[in-house]
Amino acid sequence: MSRMINIGYGNVVNADKILAVVRPEAAPIKRMVAVAKDHETYVDATCGRKCKSVIVSDNGKIVLSALLPETIAGRVNAKFLAEREEGAEDST
């Protein structure tokens, strides 16, 4: 079952496909974003706002988000913990 995570402004991604959530300031990340834009393998989910995080998926595509990486990671972890608790309740 896919777990969809809100990455801001009504945009969601499949949490099971996320490899990393990183800040866009580092030079290697900027190059990765530039290459993705050239090859059209990115999704801009910032809704016109400043990009604060880059989400790298397992299929090589990247998603740009206006939320901080810590916020996205917190949402992924909260969803995971909620599902784990739900599974524990179902097994008892």
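A polar contact here is a pair of N or O atoms within 3.5 Å; within protein, one of the two must be able to donate a hydrogen and the other to accept it, and residues adjacent in sequence count only if both atoms are side-chain atoms. Keep that in mind for the stops below.

This is a predicted model, in which local features need pLDDT of at least 70 and side-chain atom pairs count only at pLDDT 80 or more, while totals for chains, interfaces and linings use all residues. Residues are numbered from 1 along each chain as its sequence is written, and side-chain values use heavy atoms, with hydrogens and water left out.

**Stop 1: the whole chain**

Start with a cartoon view of the protein chain. You will find two helices and six strands, in the order β-β-β-α-β-β-β-α along the sequence. Helices (H or I, at least four residues) and strands (E, at least two) are DSSP runs, numbered from the N terminus. The C-alpha trace spans about 50 × 25 × 20 Å along its principal axes.

Now colour by accessibility. Of the 92 residues, 29% are buried; buried means under 20% relative accessible area, exposed over 50%, and partly exposed in between (1.4 Å probe, protein chains only). As for contacts (heavy atoms within 4.5 Å), residues 24 or more positions apart account for 50% of those with a separation of 6 or more.

**Stop 2: strand E5**

Select residues 53-57, which form strand E5. How many of its five residues are buried? Five of the five are, so E5 is largely enclosed by the rest of the structure. In a regular strand the side chains alternate between the two faces of the sheet. Turn the view to see both faces of E5 covered: Ser 53, Ile 55 and Ser 57 are buried on one side, and Val 54 and Val 56 are buried on the other.

Strand E3 (residues 18-22) pairs with E5 in the antiparallel sense over four bridges, and Ala 20 has Val 56 as its bridge partner in E5. Strand E6 (residues 62-65) also pairs with E5 in the antiparallel sense, over four bridges. There, Ile 55 stands opposite Val 63.

Follow the chain from E5 into E6. Four residues lie between the strands of this hairpin, and Gly 60 takes a positive phi near 90°.

**Stop 3: Ser 57**

Stay in E5 and select Ser 57. This serine is buried, with a relative accessible area of 13%. Its side chain makes a polar contact of 2.4 Å with the side chain of Asn 59. A polar atom of the Ser 57 side chain also lies 2.8 Å from the backbone oxygen of Lys 61. Leaving aside residues up to four places away in sequence, Ser 57 touches Lys 17 and Leu 19.

**Stop 4: the largest pocket**

Switch to a surface view. A pocket is found on a 1 Å grid over the protein atoms alone: it is an open set of points where a 1.4 Å probe fits, with protein on both sides within 12 Å along at least five of seven lines, and lining residues have an atom within 4 Å of a point. The largest pocket holds about 180 Å³ of space, where a volume is the space filled by probe spheres set on the points, which are joined across faces, edges and corners.

Strand E2 (11-14), E5 and E6 are the elements that give two or more residues to the lining, and E2 gives the most, with three. The lining divides into eight nonpolar, three polar and three charged residues.

**Stop 5: Arg 3**

Go to Arg 3, in the segment before strand E1 (4-8). Is Arg 3 buried or exposed? At 14% relative accessibility, Arg 3 counts as buried. Its side chain and that of Asp 16 are joined by a polar contact of 3.1 Å. Apart from residues up to four places away in sequence, Arg 3 touches several others, including Val 13, Asn 14, Val 76, Phe 80 and Glu 83.

**Stop 6: two loops**

Finish with backbone angles. Most residues other than glycine have a negative phi, and most peptide bonds are trans. Select Tyr 9 in the loop between E1 and E2: its phi is positive, near 55°. Tyr 9 is partly exposed, with a relative accessible area of 44%. Then move to Cys 47, in the loop between strand E4 (42-44) and E5. The phi of Cys 47 is positive, near 55°, and this cysteine is partly exposed at 45% relative accessible area.

How values were computed: Two strands pair if DSSP finds at least two bridges between them. Ala, Val, Leu, Ile, Met, Phe, Trp, Tyr, Cys and Pro count as nonpolar, Asp, Glu, Lys and Arg as charged, and the others, Gly among them, as polar.
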